Amino acid sequence: SRSISLAVIPGDGIGPEVVAQGLKVLTAVLPQDAKLETKEYDLGAKRWHATGDLLTDEDTAALKTHDAILLGAIGDPSVPSGVLERGLLLKLRFLFDHYVNLRPSRLLPNTATPLAGDPSIDFVVVREGTEGPYTGNGGSLRTGTPAEVATEVSVNTAYGVERVVRDAYERAKARPRKKLTLVHKTNVLVFAGKLWKDTFDRVGKEYPEVTTDYMHVDAATIYMVNDPARFDVIVTDNLFGDIITDLAAAVSGGIGLAASGNVNPTRDFPSMFEPVHGSAPDIAGTGKADPAATIRSVALLLEHLGFTAEAARIEEAVTADVTARDGSPRTTSEIGDAIAARVAG
Ligand code: IPM
Ligand code: MN
């Protein structure tokens, strides 16, 4: 029988509320003979205020022993900007080599989109997760003076680019449309752009069944609004991926529905699944948060662990739930109950 050892990081703000619904649905969808063991980790603003700890060596050693991590949200207005993001969220992505940041977008029926007409959206962004300008490779000179100079260097290695590009080709090959678009800015970022484009073209020779396309990132934002149907799989660097996936969420039902996986495809480390949204401290505790993004992140988690049928059942249940929404108010936990009932039934 199959088993899952899951680390749970509820985190800050609405994190604990949405994670509770994710676990509810996970429990409901798993077959009787599958064993689920969860261990909660107290990480985030509260812990930092109480102890000054962000992520200790003991934390990472313990986290490493699990099959996967489910994370709610990290971030609180009482903590200076960047402290939790760098010291916790990004640190986990780097430590556990989450080089594939997977962010699917699918426009569900009965879902609000700011796009005109009847757009069709079903694409996945493969965002590089361990390099680019996120590496902290920068500094400032003459800090705080009118002559200050600040740099934030984007790091792109042949190794890092090739492995994420390869992963994106594999994902494109497995989808019906088999199309892969590289999004970058090769007209200005000439060195990194050349490495990405050359790698994309070279690896592409091994995937003759995959149709390829290249787009500058600024143009990609136009197409994502005017003609999102042209995208199937997108591969891009860490920062471009951060930006276009917020846009992707906004055009496909909002961040209340957007799921993500920080994936270590080699399985040397646990992958970590989290909603794209943040901790939303303004609505924490009000029961207004939509748990769908977290529940869909659980589906990505199951898919990653090989529970393909269960993952599909969750995606179907969320689709049915969203399709049936008529605007009558439901709490976070009522939505969780409804989706859990659908996956069980
Ligand atoms: C995201 C977030 C993070 C990122 C922040 C909170 C560090 O915006 O997951 O998209 O930039 O990756
Ligand atoms: Mn982001």
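These legends describe close-up views of a predicted model. Residues are numbered from 1 along each chain as its sequence is written, while chains are lettered from A and ligands numbered from 1 in the order in which they are written. In this predicted model, local features need pLDDT of at least 70 and side-chain atom pairs count only at pLDDT 80 or more, whereas totals for chains, interfaces and linings use all residues.

**View 1. Helix H1, residues 15–29.** Helices (H or I, at least four residues) and strands (E, at least two) are DSSP runs numbered from the N terminus. Buried means 20 or more other C-beta atoms within 10 Å of the residue's own, exposed 12 or fewer, and partly exposed in between, with C-beta atoms placed from the backbone.

**View 2. The shell around ligand 1.** Helix H4 (residues 83–95) gives the largest share, three residues.

**View 3. Arg-103 in strand E4, residues 100–106.** UniProt, in an unreviewed entry, places the feature "binding site" at Arg-93, Arg-103, Arg-127 and Asp-218; such annotations may be inferred rather than shown by experiment. Arg-103 is buried because 23 other C-beta atoms lie within 10 Å. Its contacts (C-beta atoms within 7 Å) include Arg-127 and Thr-245, not counting residues up to four places away in sequence.

**View 4. Asp-218 in helix H7, residues 217–226.** Asp-218 counts as exposed, with 12 C-beta neighbours inside 10 Å.

Terms used
The expected span of a helix is 1.5 Å times one less than its number of residues. A residue is near a molecule or strand if its C-beta atom, placed from the backbone, lies within 6 Å of it. Two residues are in contact if their C-beta atoms, placed from the backbone, lie within 7 Å.
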